[in-house]
Amino acid sequence: MRPALVPGDRLLVRYGAAVRPGALVLARFPDGALVVKRATERRETRDGRPAWWLSSENPSVGVDSRHRGPIAAEDVLAVAMLRVWPRPRLLREIPPRTR
């Protein structure tokens, strides 16, 4: 998730929080991997369930919905609220990457 986050950052997340476009979220990919990605827009899965399109901050190295498709809403587990380590700050201060 560079540049928003770097390896080793510790996050405070809120499970069950309402997801909004632009939020950093903790999600489970279909292969079981837990990832932090940016929720960019609401979508539907192939079978019509509510879902989110998740984007990597660095698309040249990240795996995201371009590779995995929309992620079912029940697999978007939490919203990241705060980076607690190494330099605490609210994550709403980290703007989405501009295209």
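Q: What share of the 99 residues in the protein chain is buried?
A: This is a predicted model, and in it buried residues make up 35% of the 99 residues in the protein chain.

Q: Which elements does the chain have, and in what order do they run?
A: The protein chain has one helix and seven strands, and when read from the N terminus on, these elements follow the order β-β-β-β-α-β-β-β.

Q: And how compact is the protein chain?
A: Its radius of gyration is 13 Å, close to the 13 Å that the globule rule gives for 99 residues, so the protein chain is as compact as a globular protein of that length. Taken along the principal axes, the C-alpha atoms fill a box of roughly 40 × 30 × 25 Å.

Q: Which residues make up the largest nonpolar core?
A: That core has 12 residues in all, namely Val19, Ala23, Val25, Ala27, Phe29, Val35, Ala39, Trp52, Leu54, Ile71, Val76 and Val79. At least two residues of this core come from each of strand E2 (24-28), strand E3 (34-44), strand E4 (50-55) and strand E6 (76-85).

Q: Which residues does a second, separate core include?
A: The second core consists of five residues, and among them are Ala4, Leu5, Leu24 and Leu91. As general background, nonpolar side chains tend to be buried together in soluble globular proteins.

Q: What does Ala27 touch?
A: Not counting residues up to four places away in sequence, Ala27 touches Ala33, Leu34, Val35, Leu54, Asp75, Val76 and Leu77.

Q: Which residues does Asp75 touch?
A: Leaving aside residues up to four places away in sequence, Asp75 touches Leu26, Ala27 and Arg28.

Q: Changing topic, where is Thr45, and is Thr45 buried or exposed?
A: Thr45 has its place in the loop between E3 and E4, and with 11% relative accessibility, which is under the 20% cut-off, Thr45 counts as buried.

Q: Which side chain does Thr45 join in a polar contact?
A: The side chains of Thr45 and Asp47 are joined by a polar contact of 2.3 Å. Thr45 also touches Ala51, Pro70 and Ala72, not counting residues up to four places away in sequence.

Q: Last topic, rings: how many aromatic pairs does the structure hold?
A: The structure holds zero aromatic pairs.

Q: What sits over the ring of Trp53, then?
A: Over the ring of Trp53 sits the charged end of Arg43, 4.2 Å from the centre of that ring.

Key
Residues numbered from 1 in each chain as written. Predicted model: local features only at pLDDT ≥ 70, side-chain atom pairs only at ≥ 80, totals over all residues. Heavy atoms only, no water. Core = buried A, V, L, I, M, F, W, Y, C linked by side-chain atoms within 4.5 Å. Buried < 20%, exposed > 50% of the residue type's maximum accessible area, 1.4 Å probe, protein only. Helix = DSSP H or I, 4+ residues; strand = E, 2+ residues; numbered from the N terminus. Contact = heavy atoms within 4.5 Å. Phe/Tyr/Trp six-rings, centres within 6.5 Å; stacked < 30°, edge-to-face > 60°. Lys NZ or Arg CZ within 6 Å of the ring centre and 35° of its normal. Polar contact = N/O pair within 3.5 Å; in protein donor to acceptor, adjacent residues only side chain to side chain. Rg over C-alpha atoms; globule rule 2.2 N^0.38 Å.
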